[in-house]
Each structure stands twice: as C-alpha cells, then as structure tokens.
Amino acid sequence: MPAISKKGQLMPQSPIRKLVPFAEEAVKNGKSIYYLNIGQPDIKTPQIALDAIKSISLEVLAYSRSEGSEQYRKKIANYYAKNDIQVSHEDIIVTTGGSEALLFAFGSIMDVDDEIIIPEPFYANYNGFSTSSGVKVVPVNSKIEDNFALPPIEEFEKLITPRTKAILICNPGNPTGYLYSKEEIKKLAAIVKKHDLFLIADEVYREFAYDGNTHYSIMQEEGLEENAIMIDSVSKRYSMCGARIGCLVSKNKEVIQTALKFAQARLSPPTLAQIASEAALDTPQSYFDDVIEEYVERRNVLISELQKIEGVQVATPKGAFYCIAQLPIKNSDAFAQWLLEEFEVDGETVMVAPAGGFYSTPGVGLNQIRIAYVLKKESLIKAVQIIKEALKVYKD
Ligand SMILES: Cc1ncc(COP(=O)(O)O)c(C=O)c1O
C-alpha cells in the first residue's frame, strides 16, 4: 500500500472531536447529552445576515477576488475604526474562517523547523496548523492559579532562539477565557520589537469581554505595524460558524502580499457567505448587548455551580465563552469517555473536552477539562450537577 506522509501521521486529532463516536453511541443507546465540549454557540444569527442570503438574486455564483470583495473589506475596515483600530481595506485579506487566516499567517512568516511561542493552554488547532506548516510550537505555561494571566515576560525571553519567528496569543482566550490587559499587550509588543519577531493575535472573540473590561487589540499598539498580524472571524461574533468567513489583518505590506499568494492558490473565499457577512456588519449594538448579558449570566451560573463541587478548581473567565476546570481526577480523557459510555443521571450525561489537548507540554493539564458555556443556564446547572454526581463515583 502506498505510504501516507509523516506529516499526516503527526497531525493531531482534535481533542474536541475525538470523543464524537462515543457520544454517537451514547445517543444510539438512548442517552441525552449536554454538549459542553464544542464552541458552537446556540445564539441566533443576526436576522439581517439571514435576510441578505434570502434576498440574493445572483444568476452566477462566481468566485470573488482572492483577497475578498473590496466592498466587504471596506466595510470591515469601517467596523474596525468603530473599535478604535485604524486599518485600510488593503490591510485585510478575507479568508475561509479564522482557521485559514491562521494557516496563511503561518505559511507567510515561517519555514519548516521555525519556532512559535504560544502561552498554553491554547486553542488546540494551533497544534494542527503548526504541524501542517512544519513549525514547532514552543509552549510557555500559564497557570490556573493566576487565572491564566500572561506568564512573566522573562519566561518568553528564555525561550527565544534564532529559530523563533513569532509569538501567538489568543485574546480573549480559548480555552482560558482570559482577557489580556493593555499592559500585558504592551509587554508583548516590547519583546517582539526587541527580538524582531511577529506577534500574531487571534482576536475572534473580541466582542466577548465582560465585567466592564474593554478589549485591547494588538492593532491599536503604536510602533507595532510591521510585527502585528491579527486573525479575525465572523464565526463567534455573529454566531455564523457555518459561513466560514474570517480575515487576516496586517499593516505589514510584505505579509499581506505574501498571504495574498496563498489566497490566490485557493482562488477565493466563499462568495455567498461574504454577502451574509457584509450584511452582518450592520447588526445593531442591541444584539451584542443582549448576547453579552446572556453569556455573563451563563458564566456566573457555571462558575458558581462548579465552585460548589469539592476538589474542583476553576479560573473565572473575563471573556470568550470557555472555562478550564481542574477536577480531582488523574486523566480527563478517560473521564470524558467514561461519562459518555458508562455514566448517566436519569438518562442524561455530559460531553466535555479533555484539556490535555490544549497543552503542548506532555502530561500537563491531564486533570483539567474545558467547558464551553454555549447552553442555556438551566442546562448548564443540570450539566454541572451530572459532573458532580459523576465525580462521587468515578475511579481513575
Ligand atoms: C481561538 C479560535 N481561533 C480560531 C477559530 C477558528 O474559527 P473559524 O475558522 O470558524 O473562524 C476558533 C474556533 O473555534 C477559535 O476558537
């Protein structure tokens, strides 16, 4: 049989999706599941975006420009201006989700065996994007005791080698829910400038900042124009995960010119979804106010319920819609599988994401899970109750 690539063999499985067969089996056996494992919001997509699709009168569903339609990019630049981010449409490449923007960023700035420093735990697919680009992830550990704040900047500095090309952060963080302060961003800006590195910020959860905190983008940082690459997406902002529209933003012209070559190779981002995404930019502020209020209430309920369980430690998220909980167990992979295969309360169980896959240091985070609070409050309360009962009987 012809052999598949080493790279293919090295590609990590998604820690979020690998439990799916066990969940399907549980459902076949009649169990209902609270899905806390995946960041698919249950929030309604803005009507204005859905209506834009319904009223399309195209005769040919053609390719768009590789960098995305000019009209859409101009409107995105407008949206950024309202968020105090000054960029032109020429600094923007529309992509097939934030995922493709990450791949283009990696491809544009790193060669095989180059290194990228990422605070862990981090969005698990950063491992996949690094493997497919032949890039080595160098983790810097952030801790649950510190609510996953930025590790001391000296820890980053210690890890910089001649092969280091970039630092990547996710702000607000998936899976931590941590929102970096302006001071933390300034520290990162100083270190990337000192060592002539890129700073990539995945800001797909920008709108989801709680408790009166405002999001500070790397694109707001003066003097970082050549170093900063921002990743963005409509997936979470407008609950439009299926649109598959995101973008890469940088004032560094060489980065944009290079990313454009990757964009040309795949011809075009989805035309239909750009129409919906452009319309979504006119979503009224009241939509976001309601969504944020809902997520804050969910977070408060989830965290207070988790804190009631003996032996559970949880970091309070300041943004996004995830939290990491540390459980009194040894291996959350086995625990998550057991919940689906063996456990139920009145025919119900929960699906969680084992947190080991969000770390790249082997053996770290094995007693942690990631919970996405993308369900209604009543469901979250029931789900945590099930975890509580499960921990009473589970044996590692
Ligand atoms: C931190 C982060 N970045 C990027 C993505 C990719 O999103 P998409 O490709 O849907 O824009 C996700 C999706 O969950 C995410 O959580």
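The model is a predicted one.

The largest nonpolar core comprises 110 residues, and Y80, I167 and L306 have the most contacts inside it. Helix 11, spanning residues 285–307, supplies the largest share of this core, with nine residues. Another core lies apart from the largest one; this other core has 27 residues, including F104, Y126, I231 and I256. In soluble globular proteins, nonpolar side chains tend to be buried together.

Leaving out residues up to four places away in sequence, I167 touches I117, F156, L188, I191, V192, L197, F198, L199 and I200. One of these contacts, I117, is also the residue whose bridge partner in strand 5 is I167. Strand 5 covers residues 164–170, and six of its seven residues are buried, so the strand is mostly covered by the criterion of under 20% relative accessible area. Strand 3 (residues 115–120) runs parallel to strand 5 and is joined to it by three bridges. Strand 6 (residues 198–202) also pairs with strand 5 in the parallel sense, over five bridges. In that pairing, C170 has D202 of strand 6 as its bridge partner.

Which strands form it, and in what order? The sheet is open, with four strands in the order 9-10-13-12 and antiparallel pairing. Strand 9 (313–314) and strand 12 (353–354) stand at the edges; each has a single partner strand, so one side of each has no neighbour in the sheet. Strand 10 (residues 322–326) and strand 13 (residues 368–372) are paired in the antiparallel sense over five bridges. I324 has R370 of strand 13 as its bridge partner.

We now turn to the surface. A nonpolar patch there consists of I53, L58, L61 and L272, which together have about 350 Å² of accessible area. L58 sits in the loop between helix 3 (47–54) and helix 4 (70–82), whereas L272 belongs to helix 10 (residues 271–280).

How values were computed. Residues are numbered from 1 along each chain as its sequence is written. This is a predicted model: local features need pLDDT of at least 70, side-chain atom pairs count only at pLDDT 80 or more; totals for chains, interfaces and linings use all residues. Side-chain values use heavy atoms; hydrogens and water are left out. A nonpolar core is a set of buried Ala, Val, Leu, Ile, Met, Phe, Trp, Tyr and Cys residues joined through side-chain atoms within 4.5 Å. Buried means under 20% relative accessible area, exposed over 50%, partly exposed in between (1.4 Å probe, protein chains only). Helices (H or I, at least four residues) and strands (E, at least two) are DSSP runs, numbered from the N terminus. Contact means heavy atoms within 4.5 Å. Patches are made of residues with over 30% relative accessible area and no salt bridge: like charges are joined within 9 Å, nonpolar side chains (Val, Leu, Ile, Met, Phe, Trp, Tyr) within 5 Å. Accessible areas come from the Shrake-Rupley method with a 1.4 Å probe; for residues, only the protein chains shown count as cover. A salt bridge is a side-chain nitrogen of Lys or Arg within 4 Å of a carboxyl oxygen of Asp or Glu. Two strands pair if DSSP finds at least two bridges between them.
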